[in-house]
Amino acid sequence: MSNNSIPTAEVNPLQSIELWEDDVLVRYPEAGTPPKTKEEFRNYENSAKDATVREFYRLNHKYQTYDFVQQKRAEFLQFNRKELKVWEAMEFLNTLVDESDPDTDLDQLQHLLQTGEAIREDGYPDWFVLTGFIHDMGKVLCLFGEPQWAVVGDTFPVGCKFSDKIVYPEFFKDNPDSNDPRYNTKYGVYEPNCGLKNVTMSWGHDEYLYQIVKDYLPEPALYMIRYHSFYSQHREKAYDHLMDEHDHEMFKWVDKFNPYDLYSKSPKPPVVSELRPYYEGLIKKYLPETIRL
Ligand SMILES: [Fe+2]
Ligand SMILES: [Fe+2]
């Protein structure tokens, strides 16, 4: 399926890609915050915004097939679109603005700086701080015209049965793989506990950035980048049967990273010019002069 065959209305169902993350935050509120009352939750569920988020998941679950992912990998892992310095790539990402979403008061660069700064404040190693800073860089896929549901959204394995622990599991009934005997069994194309290195995930900004930086960062950083949207595993433990021992070790880091991604959003915007020299230093220490997108 090429992008041309996707109806226009199905490319960008959300006013802003941030709405997906807002939804994750409602689903997984920070520990210690009072849970939403039934009333509040019902209001949220019925809001117009939620209808667009549902539509977003419907499309994501319908179109993210094993074949679709293979096609996207073949298309984007050639990295033949742009060659930029890392900071330039972050500025390019920042051209992704959601003017139509009045609730978004921080731009992409500010979210990423806040994530990095929150990790730095807690005294973690510098590669962890850098990981916080770049973790959403793969969202540049939106700027290449990719549909929102092929850039953001919870990620999950393709090529085997979709877990009912994934958000809105009922929408998988429209995914052709649900009726394909090669892909609709517990293990599908995989072996028990084969390790995530052998598992193909749904396509989006996580896998794309992992492929860009995989030769340069320590392994825990690569796990954080690659699996940060895999909520059905890190929150629901739905895919233990595919993971190996090493994955479980590494997911301790994914779990450490996740709260910084979700809960570091404060309304006070960081001052980019003040922080830039520090982050340029980290980029220089770990990443190549230029990267190819
Ligand atoms: Fe992300
Ligand atoms: Fe993020």
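**Helix packing, core and loops in a predicted model**

Helices α6 and α7 are roughly antiparallel to each other. The label follows the crossing angle (under 35 degrees roughly parallel, over 145 roughly antiparallel, 65 to 115 roughly perpendicular, the rest oblique). This is a predicted model, in which local features need pLDDT of at least 70 and side-chain atom pairs pLDDT 80 or more, whereas totals for chains, interfaces and linings use all residues. Residues are numbered from 1 along each chain as its sequence is written, and chains are lettered from A and ligands numbered from 1 in the order of writing.

Helix α6 covers residues 108-121 and helix α7 residues 126-134. Their axes come within 7 Å and cross at roughly 160°. Axes are lines fitted to C-alpha atoms, for helices over the stretch in contact, with angles from 0 to 180 degrees between N-to-C directions. The crossing of α6 past α7 is right-handed (near helix turned clockwise from the far one; left-handed if anticlockwise by less than a right angle). On the α6 side, the meeting residues are Leu112, Leu113, Thr115, Gly116, Ile119 and Arg120. On the α7 side, they are Phe128, Val129, Gly132, Phe133 and Ile134. Contact here requires C-beta atoms, placed from the backbone, within 7 Å.

Helix α7 is largely enclosed by the rest of the structure, because 7 of its 9 residues are buried. Burial is a neighbour count (buried at 20 or more other C-beta atoms within 10 Å, exposed at 12 or fewer, partly exposed in between, with C-beta atoms placed from the backbone). The buried set in α7 is Phe128, Val129, Leu130, Thr131, Gly132, Phe133 and Ile134.

The axes of α9 (residues 219-227) and α11 (residues 245-263) come within 8 Å. They cross at roughly 60°, so the two helices are oblique to each other. The crossing of α9 past α11 is right-handed. Helix α9 contributes Glu219, Pro220, Tyr223, Met224 and Tyr227. Helix α11 contributes Met250, Phe251, Trp253, Val254 and Phe257.

The protein chain has 12 helices and 2 strands. These are DSSP runs numbered from the N terminus (helices H or I, at least four residues; strands E, at least two). From the N terminus, the order is α-α-α-α-β-α-α-α-α-α-α-α-α-β. Along its principal axes, the C-alpha trace spans about 55 × 45 × 40 Å. Buried residues account for 39% of the 293. Among contacts between residues at least 6 apart in sequence, 79% join residues at least 24 apart.

The largest nonpolar core holds 68 residues. Such a core is a set of buried Ala, Val, Leu, Ile, Met, Phe, Trp, Tyr and Cys residues joined through C-beta atoms within 7 Å. Trp20 and Ala89 touch the most other members. Beyond its neighbours within four places in sequence, Trp20 contacts Leu14, Val53, Phe56, Val152 and Gly153.

Val11 sits in the segment before α1 (18-27). It counts as partly exposed because it has 15 C-beta neighbours inside 10 Å. Residues up to four places away aside, Val11 touches Ile6 and Pro147.

Backbone phi values pick out two loop residues. Most residues other than glycine have a negative phi. Asn193 has a positive phi, near 50°. It lies in the loop between α7 and α8 (205-213). With 14 C-beta neighbours inside 10 Å, Asn193 is partly exposed. Lys237 also has a positive phi, near 55°. Its place is the loop between α10 (231-234) and α11. Lys237 is exposed, with 12 other C-beta atoms within 10 Å.

Glu236 belongs to the loop between α10 and α11. With 14 C-beta neighbours inside 10 Å, Glu236 is partly exposed. Leaving aside neighbours within four places in sequence, Glu236 contacts Lys165 and Tyr231. Its C-alpha atom is separated by 28 Å from that of Ile212, 24 residues away along the chain.

Definitions and conventions
Two residues are in contact if their C-beta atoms, placed from the backbone, lie within 7 Å.
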